[in-house]
Amino acid sequence: MKKTLLAASMGLLISASALAGSMKADIVDTASEAGTFKTLLAAADAAGLVETLRSAGPFTVFAPTDEAFAKLPAGTVESLLLPENKDQLAAVLTYHVLPGKVMASQVQDKGMATTVQGDTVDFSIAGEAVMIDAAKIVATDIEASNGIIHVIDSVILPN
């Protein structure tokens with residue numbers, strides 16, 4: 001009896017662990033776990049967008065890395081993070097987000113898409129390089145529970 005109960009308990013524990021491992025994190029947690037989006041996440045927090053990025057979505061995020069933010073002119077990030085620039089920061093960040101789930105295979109050369117911010121982004125393909133505006137997409141189709149993340153090498157700015 002003890003062995004049966006122990007075996008059943010172990011089976012339940014293993015099943016729960018497998019299920020937990022198969023659940024995907026949301027966009028915010030997925031970006032946080034990657035460790036290369038600290039600036040993006042700090043900016044999302046300052047702009048009040050974290051809860052939106054945790055919501056059901058789905059969203060497609062073109063996520064600039066910390067290195068991408070470092071390419072901006074000196075003082076730009078610090079200025080955008082100031083409370084008085086919250087609206088401008090939110091506009092820049094939401095320009096990196098498309099409503100819905102857009103996989104890399106759906107991107108077409110000379111394609112366009114309307115961002116959550118309201119402006120359109122342009123896609124282009126040159127050889128192996130896929131671009132969104134002037135940023136190169138360096139990693140694609142990182143799935144989260146509420147959407148997709150594509151990693152980009154530069155911050156893109158609204159028109």
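A pocket here is an open set of grid points with protein on both sides within 12 Å along at least five of seven lines, and a lining residue has an atom within 4 Å of such a point. With that settled, here are my notes on this predicted model.

1. **Overall layout.** The protein chain has 7 helices and 7 strands. Reading from the N terminus, the order is α-α-α-α-β-α-α-α-β-β-β-β-β-β. Of its 159 residues, 36% count as buried. Take the contacts between residues at least 6 apart in sequence: 61% of them join residues at least 24 apart.

2. **The largest pocket.** About 210 Å³ of space lies in this pocket. Its lining has 20 residues, and those nearest the centre are Leu 49, Leu 53, Val 61, Leu 93 and Val 97. By class, that lining has 17 nonpolar and 3 polar residues, with no charged ones.

3. The largest share, 5 residues, comes from S1.

4. **Strand S1.** Here 6 of the 6 residues are buried, so S1 is largely enclosed by the rest of the structure. Both faces are covered: Phe 59, Val 61 and Ala 63 are buried on one side, and Thr 60, Phe 62 and Pro 64 on the other. As for strand partners, S1 pairs with strand S2 (residues 97-99) in the antiparallel sense over 3 bridges, and Phe 59 has Pro 99 in S2 as its bridge partner. S1 and S7 run parallel and are joined by 6 bridges; there, Phe 62 stands opposite His 150 in S7.

5. Thr 65 sits in the loop between S1 and helix H5 (66-70). Is Thr 65 buried or exposed? Buried means under 20% relative accessible area, and Thr 65 has 15%, so it counts as buried. Leaving aside neighbours within four places in sequence, Thr 65 is in contact with Thr 36, Phe 37, Val 151 and Ile 152. From Thr 65 to Ile 152 is 87 residues in sequence, yet the C-alpha to C-alpha distance is 6.8 Å.

6. **Helix H2.** The buried residues of this helix are Ile 27, Val 28, Thr 30 and Ala 31. They share the same side of H2, because they cover an arc of only 165 degrees around the axis. What do they pack against? The list is H3, H4, S1, strand S6 (135-144) and strand S7 (147-152).

7. **Helix H7.** Leu 89, Ala 90, Val 92, Leu 93 and Thr 94 are buried in H7. The buried residues of this helix pack against H3, H6 and S2.

8. Rolling a probe the size of a water molecule over the atoms shows where empty space is left. The structure holds 1 cavity of 30 Å³ or more, and the largest cavity has a volume of about 40 Å³. Helix H3 (38-46) and helix H6 (76-80) each supply at least two of the lining residues. In class terms, the lining has 6 nonpolar residues, 1 polar and no charged ones.

9. **The S3-S4 hairpin.** Strand S3 (residues 112-114) and strand S4 (residues 120-126) pair in the antiparallel sense over 3 bridges, with Thr 114 standing opposite Thr 120 in S4. These strands form a hairpin with 5 residues between them, and Gly 118 in the turn has a positive phi of about 115 degrees.

10. **The S4-S5 hairpin.** S4 also pairs with strand S5 (residues 129-132), in the antiparallel sense over 4 bridges. Phe 123 has Ile 132 in S5 as its bridge partner. This hairpin has 2 residues between the strands, and Gly 127 takes a positive phi near 65 degrees.

Technical notes: Residues numbered from 1 in each chain as written. Predicted model: local features only at pLDDT ≥ 70, side-chain atom pairs only at ≥ 80, totals over all residues. Heavy atoms only, no water. 1 Å grid on protein atoms, 1.4 Å probe; cavity = no way out; pocket = protein on both sides within 12 Å on 5 of 7 lines; lining within 4 Å. Points joined across faces, edges and corners; volume = space filled by probe spheres on them. Nonpolar A, V, L, I, M, F, W, Y, C, P; charged D, E, K, R; others polar. Pairing = 2+ DSSP bridges. Buried < 20%, exposed > 50% of the residue type's maximum accessible area, 1.4 Å probe, protein only. Arc of directions from axis to C-beta. Contact = heavy atoms within 4.5 Å.
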